[in-house]
Structures are given as C-alpha cells and as structure tokens.
Amino acid sequence: MFQDDGSSSITSSSPQQNFPATSISPGGFGSSWLGELKPEERGLCLIHLLLTCANQVAAGALENANQVLDQISQLASPDGDTMQRIASYFAEALADRILRTWPGLYKALHSTRLTALSDDLTAKKTLFELFPFLKVAFIVTNQAIMEAMEGEKLVHIIDLNAAEPTQWLQLLHDLSSHPEGPPHLRITGVHHHRQTLDQMARLLTAEAEKLDIPFQFTPVVTRIENLDFQKLRVKTGEALAITSSLQLHTLLAYNDQFRKSSPPGDFLENDSASSSKIKGFLN
C-alpha cells in the first residue's frame, strides 16, 4: 500500500488468503483458477482442500467431500512435485474411506483385485536391506521382549503384521543363548496372505528345531481391521507380548465399527488374557 509521505511499502499476505473462498468450500462456483496457481500457492491450497475434505468425510457430508475431491484432483498428481504426490495418496485414502460407507459397493469393486504377493515381498525385502529403520525397530523390540520375559517359561508373542521373519529369527538366537535355557515360545502371526504365514512358519520352525527351542507358530489369516481379538488363543500363565510393525496406522481409515465389534481393550480384560502375564504392547 502507499503511504501519505510519498514512500511506499508492500504488505505481503499468505497465498492462501488470496484463494477465492467459494472455490475452496464445498459447492463453490467453479475452479478454473486452480490451474493458474504458483507451486507454493498450490501446495497451501492442497493442504486446505485435504483438511476440508477430511472434515466433510468425518461429518458424513459425502456430497460435499466429493466436490472437494474433484477440486483436489485438478491440483494433485502422482507424478507432480512433492506436495502434489502426497495429496494424491491422501485423496485416494479419503475416497477409499468414503467408499467404505457402502460395504457392498466397496467389496464389489475390490473383489477381483489381485495382489502380486511375490512383488510385495520383494519390495519389502529391498526396503529392509536398504534402510536401517526397520532393523533398528526390530532390535529394540527384541531387546524389550528379552528384558520383559526374563525368567518366564511360557512366552506368547502376537504379531499383528507377520510379514517379516527376520525379527523372530534373531529372537530365537537370542533366546537360545539364555543361560537358564530358552522358554517355550509361541508366536501367533496375523496376516491376510496365507502364503506369507506358511513361509514364516516353515522358516521359524526349522530354525527353532536347529536351536533346540520348544516352538509353536499359530497362523491367523485375516486383515487387522477384521481381526476378532476374542478368538486369539491366549493360555493361562503365558507371558504375553503384542507387537505391530507399520500396521496400526491402517486402522485410522476405518470408523468406530472396528472398535465396537472387536475392541482390543476387551480382549485384554477377558478371562484368558487377564490370567496371562501381559508384558507389553510394542509398535
């Protein structure tokens, strides 16, 4: 703005303040201006649109959410800059959440979707080898289990994402070197692919036999969102540890139906679990 003394000064404002309010809010009057935004403005606009869409989904205003998703699709791109790529995946997750409000439609659209298990396992193996984060998490988790299970004779571990046997192979070796001898180890593995669980069972059973450790592997073929915690067989006197790696966040995509149908809290309070020795919940 210009001052009376002849000097001038420029007052800057956030790019988001310059966005037409009607275009960002559901039911706006058009969005041709979206394609004219600069990268910084586009990023701020995407954040605002994603938050608006999430609020509309949470409120059950699905028609409004659909309109906002349409605007997001004009700005986001899986091949664009960082913010555009992130927005693409968030928009996909929000759309998936909307579809879940119609279970029949959602199941019909996903009934023929095939997952290339070999490709999935190869990708996870590559990630594990190239990045140290999972390795560190496994080491820390195993150390916590070893300390918590000190002196226990019956140890039961429930793995809510039993996709990677490396962690438990190392735990078997750690237990085998225990001066008082290894405990009886039982692992319940939860995963939606039977092939993954069968492969893990073979590897762990063979390693346990080699190390002379009493071992049992119980597969549970289901997705975590469909898991009935009440059906997990927990025996009296077991020292129980529940672990999850890169899995619990997926439950955020589901509504309260999961917590109502099979709440983990009820599982921990039932007769069998309460008579066991719960050592920790590690994620």
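Where pLDDT is low, the predicted coordinates should not be read in detail.

This is a predicted model, so to speak of local features takes pLDDT of at least 70, and side-chain atom pairs count only at pLDDT 80 or more, while totals for chains, interfaces and linings use all residues. Residues are numbered from 1 along each chain as its sequence is written, and side-chain values use heavy atoms, with hydrogens and water left out. The average pLDDT of the protein is 76, and 69% of the residues score at least 70.

On the overall layout, the protein has 12 helices and 5 strands; these are DSSP runs numbered from the N terminus (helices H or I, at least four residues; strands E, at least two). Of its 283 residues, 37% count as buried, where buried means under 20% relative accessible area, exposed over 50%, and partly exposed in between (1.4 Å probe, protein chains only). Take the contacts between residues at least 6 apart in sequence: 76% of them join residues at least 24 apart.

Next come the nonpolar cores, each a set of buried Ala, Val, Leu, Ile, Met, Phe, Trp, Tyr and Cys residues joined through side-chain atoms within 4.5 Å. The largest has 22 residues, and those touching the most other members are Ile 157, Trp 168, Leu 185, Ile 187, Leu 204, Phe 215 and Phe 217. Two or more residues each come from α7 (133-148), β1 (154-159), α8 (166-176), β2 (184-191), α9 (194-211), β3 (215-221) and β4 (239-243). The top contributor is α9, with 5 residues. Ile 157, setting aside neighbours within four places in sequence, is in contact with Ile 145, Trp 168, Leu 171, Leu 185, Arg 186, Ile 187, Thr 188, Ala 241 and Thr 243. There is also a second, separate core of 17 residues, including Leu 46, Leu 49, Ala 87 and Leu 94.

Ile 158 sits in strand β1 and counts as buried because its relative accessibility is 1%. Between His 191 and Ile 224, 33 residues apart in sequence, the C-alpha to C-alpha distance is 7.4 Å. Asp 212, by contrast, is exposed, with a relative accessible area of 64%. Asp 212 lies in the loop between α9 and β3, and its phi is near 60 degrees, a positive value in a residue other than glycine.

A search of the whole structure turns up 1 cavity of 30 Å³ or more. A cavity is a set of points, on a 1 Å grid over the protein atoms alone, where a 1.4 Å probe fits but cannot get out; lining residues have an atom within 4 Å of a point. Of the 13 lining residues, Met 149, Gly 151, Glu 152, His 178 and Pro 183 are the closest to the centre of the largest cavity.

Conventions:
1 Å grid on protein atoms, 1.4 Å probe; cavity = no way out; pocket = protein on both sides within 12 Å on 5 of 7 lines; lining within 4 Å. Points joined across faces, edges and corners; volume = space filled by probe spheres on them. Contact = heavy atoms within 4.5 Å. pLDDT = per-residue confidence, 0-100.
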